[in-house]
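Reader: Could you take me on a close look at a single part of this model? I would enjoy one connected account of it.

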Amino acid sequence: MKTYPLPDHAADSAAQLITDFMIARRKKLGLTLEELAQRMGIGKSTVSKIENRKWNLTLNYLLKWCYALDCNPYIEALEIEDPKFKDAWVNLGRRSAKYQP
(Lines give C-alpha, C1' and ligand atoms only; values in the text may rest on other atoms or scores of the structure.)
Protein backbone atom coordinates (compact mmCIF):
# COMPACT_ATOMS: atom_id res chain seq x y z
CA MET A 1 0.00 0.00 0.00
CA LYS A 2 1.39 3.34 -1.04
CA THR A 3 1.33 6.17 1.48
CA TYR A 4 1.16 9.86 0.73
CA PRO A 5 2.71 11.89 3.52
CA LEU A 6 1.40 15.37 4.16
CA PRO A 7 3.72 18.20 3.21
CA ASP A 8 5.34 19.73 6.28
CA HIS A 9 3.41 22.98 5.89
CA ALA A 10 0.07 21.10 5.91
CA ALA A 11 0.94 19.23 9.09
CA ASP A 12 2.19 22.45 10.69
CA SER A 13 -1.01 24.26 9.75
CA ALA A 14 -3.20 21.52 11.22
CA ALA A 15 -1.10 21.37 14.39
CA GLN A 16 -1.36 25.15 14.81
CA LEU A 17 -5.13 25.10 14.30
CA ILE A 18 -5.56 22.32 16.85
CA THR A 19 -3.31 24.05 19.36
CA ASP A 20 -5.05 27.41 18.92
CA PHE A 21 -8.45 25.77 19.36
CA MET A 22 -7.41 23.90 22.50
CA ILE A 23 -5.80 26.97 24.10
CA ALA A 24 -8.97 28.97 23.42
CA ARG A 25 -11.02 26.15 24.92
CA ARG A 26 -8.87 26.09 28.09
CA LYS A 27 -9.21 29.85 28.49
CA LYS A 28 -12.96 29.72 27.85
CA LEU A 29 -13.25 27.22 30.70
CA GLY A 30 -11.13 29.50 32.91
CA LEU A 31 -8.50 26.83 33.54
CA THR A 32 -4.89 27.57 34.37
CA LEU A 33 -2.04 25.48 32.97
CA GLU A 34 -1.72 23.86 36.39
CA GLU A 35 -5.42 22.92 36.54
CA LEU A 36 -5.29 21.48 33.02
CA ALA A 37 -2.14 19.54 33.92
CA GLN A 38 -3.92 18.02 36.93
CA ARG A 39 -6.86 17.00 34.75
CA MET A 40 -4.51 15.43 32.21
CA GLY A 41 -2.37 13.74 34.84
CA ILE A 42 0.84 15.37 33.60
CA GLY A 43 3.14 18.18 34.70
CA LYS A 44 2.44 21.88 34.16
CA SER A 45 5.65 22.23 32.16
CA THR A 46 4.49 19.49 29.78
CA VAL A 47 1.20 21.31 29.18
CA SER A 48 3.15 24.50 28.50
CA LYS A 49 5.36 22.66 25.99
CA ILE A 50 2.28 21.19 24.29
CA GLU A 51 0.61 24.59 24.00
CA ASN A 52 3.81 26.16 22.69
CA ARG A 53 4.25 23.29 20.21
CA LYS A 54 7.59 22.30 21.70
CA TRP A 55 6.35 18.77 22.44
CA ASN A 56 5.70 15.99 19.96
CA LEU A 57 1.96 15.68 20.51
CA THR A 58 0.96 12.03 20.27
CA LEU A 59 -2.60 10.86 19.77
CA ASN A 60 -2.64 9.72 23.40
CA TYR A 61 -1.79 13.21 24.68
CA LEU A 62 -4.21 14.84 22.26
CA LEU A 63 -7.02 12.60 23.50
CA LYS A 64 -6.10 13.35 27.12
CA TRP A 65 -6.17 17.03 26.22
CA CYS A 66 -9.64 16.70 24.67
CA TYR A 67 -10.94 14.66 27.61
CA ALA A 68 -9.54 17.14 30.15
CA LEU A 69 -11.24 20.04 28.35
CA ASP A 70 -14.53 18.17 27.94
CA CYS A 71 -14.09 18.52 24.21
CA ASN A 72 -15.38 16.09 21.61
CA PRO A 73 -13.34 16.56 18.41
CA TYR A 74 -16.12 14.99 16.36
CA ILE A 75 -18.63 17.62 17.46
CA GLU A 76 -16.12 20.45 17.14
CA ALA A 77 -15.42 19.36 13.55
CA LEU A 78 -18.95 20.29 12.56
CA GLU A 79 -17.96 23.96 12.76
CA ILE A 80 -14.72 23.63 10.77
CA GLU A 81 -14.85 24.81 7.17
CA ASP A 82 -11.54 23.45 5.80
CA PRO A 83 -12.43 19.92 4.54
CA LYS A 84 -8.97 18.41 5.12
CA PHE A 85 -8.79 19.73 8.66
CA LYS A 86 -12.41 18.75 9.28
CA ASP A 87 -11.67 15.16 8.21
CA ALA A 88 -8.73 15.01 10.63
CA TRP A 89 -10.96 16.18 13.51
CA VAL A 90 -13.71 13.73 12.57
CA ASN A 91 -11.24 10.84 12.57
CA LEU A 92 -9.84 11.99 15.92
CA GLY A 93 -13.37 12.21 17.30
CA ARG A 94 -14.07 8.63 16.30
CA ARG A 95 -10.93 7.49 18.10
CA SER A 96 -11.72 9.59 21.17
CA ALA A 97 -15.13 7.93 21.50
CA LYS A 98 -13.24 4.74 22.36
CA TYR A 99 -10.70 6.47 24.64
CA GLN A 100 -10.83 5.86 28.37
CA PRO A 101 -8.14 7.71 30.36
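**A buried pair and the helix beside it**

Author: E51 and R26 are both buried, meaning under 20% relative accessible area, where exposed is over 50% and partly exposed lies in between (1.4 Å probe, protein chains only). Before going on, please note that this is a predicted model, in which local features need pLDDT of at least 70, side-chain atom pairs count only at pLDDT 80 or more, and totals for chains, interfaces and linings use all residues. Residues are numbered from 1 along each chain as its sequence is written, and side-chain values use heavy atoms, with hydrogens and water left out.

The side chains of E51 and R26 form a salt bridge at 2.7 Å, N to O; the term asks for a side-chain nitrogen of Lys or Arg within 4 Å of a carboxyl oxygen of Asp or Glu. The structure holds one salt bridge. This pair links distant parts of the chain, with E51 in helix α3 and R26 in helix α1, 25 residues apart. Helices here are DSSP runs (H or I, at least four residues), numbered from the N terminus.

L36 brings us to the neighbouring contacts. Leaving aside residues up to four places away in sequence, L36 touches R26, V47, E51, W65, A68 and L69, where contact means heavy atoms within 4.5 Å. So what are the buried residues of helix α2? In α2, residues 33-40, they are L36, A37 and M40. They sit on the same side of α2 because they cover an arc of only 105 degrees around the axis, taken from the directions from the helix axis to the C-beta atoms. After α2 comes G41, with a positive phi near 75 degrees.

In soluble globular proteins, nonpolar side chains tend to be buried together.

Q16 lies in helix α1, and its 31% relative accessibility is why Q16 counts as partly exposed.

Methods:
Helix = DSSP H or I, 4+ residues; strand = E, 2+ residues; numbered from the N terminus.
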